[in-house]
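Please read them with the sequence and the model side by side.

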Amino acid sequence: MKAREMRDMTVDELLEKERELSLELFNLRFQLATSQLENPMRLPLTRKNLARAKTLLVEKSASGERKE
């Protein structure tokens, strides 16, 4: 997902996206540990997207945007 698309999301949508990405990262790490990971490039991509979501949440909270 591109940063431009994530910037258009609301705070609630970003929080939900962060939860989804955290769960996906957990599942990918679990698959890696059990040697069932089919596409290893999804790990860094998921990490980057999670970092984007967290960064945008911090930016929006610093700018005063509320969850409303």
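1. Which pattern does the protein follow when read along the sequence? The pattern is α-α-α. The secondary structure comes to three helices and zero strands. Bear in mind that this is a predicted model.

2. On overall dimensions, the C-alpha atoms fill a box of roughly 45 × 20 × 15 Å, taken along the principal axes. The protein has 68 residues, and 26% of them count as buried. Among contacts with a separation of 6 or more, 62% are accounted for by residues 24 or more positions apart.

3. Next, the packing of helix 2 (residues 11-33) and helix 3: their axes are 9 Å apart and the angle is about 155°. Angles over 145 degrees count as roughly antiparallel, and therefore helix 2 and helix 3 are described as roughly antiparallel to each other. Their crossing is left-handed.

4. Which residues make this contact? From helix 2 they include Val11, Leu14, Leu21, Leu28 and Leu32, along with Glu18 and Arg29. From helix 3 they include Leu43, Leu50, Ala53 and Leu57, along with Arg47, Asn49 and Lys60. Sorted by type, the residues of the contact of helix 2 with helix 3 are twelve nonpolar, three polar and seven charged.

5. The largest nonpolar core has 13 residues, of which Met6, Leu14, Leu21 and Leu43 touch the most other members. Helix 2 and helix 3 are the elements that give two or more residues to this core.

6. Leaving aside neighbours within four places in sequence, methionine 6 is in contact with Met1, Leu14, Lys17, Leu21, Asn49, Arg52, Ala53 and Leu56. Of these partners, Leu14 and Leu21 are also named among the core residues that touch the most other members.

7. Serine 35 lies in the loop between helix 2 and helix 3. What is its phi? Serine 35 has a positive phi of about 60°, although it is not a glycine. Most residues other than glycine have a negative phi. Is serine 35 buried or exposed? Serine 35 counts as exposed because its relative accessibility is 68%, and the cut-off for exposed is over 50%.

8. Valine 58 is found in helix 3 (residues 42-62). With a relative accessibility of 54%, valine 58 counts as exposed. Valine 58 and glutamine 31 are 27 residues apart along the chain, and their C-alpha atoms are separated by 30 Å.

Notes:
Residues numbered from 1 in each chain as written. Predicted model: local features only at pLDDT ≥ 70, side-chain atom pairs only at ≥ 80, totals over all residues. Heavy atoms only, no water. Helix = DSSP H or I, 4+ residues; strand = E, 2+ residues; numbered from the N terminus. Buried < 20%, exposed > 50% of the residue type's maximum accessible area, 1.4 Å probe, protein only. Axes fitted to C-alpha atoms, helices over the stretch in contact; angles between N-to-C directions. Parallel < 35°, antiparallel > 145°, perpendicular 65-115°, else oblique. Left-handed = near helix turned anticlockwise from the far one by under 90°. Contact = heavy atoms within 4.5 Å. Nonpolar A, V, L, I, M, F, W, Y, C, P; charged D, E, K, R; others polar. Core = buried A, V, L, I, M, F, W, Y, C linked by side-chain atoms within 4.5 Å.
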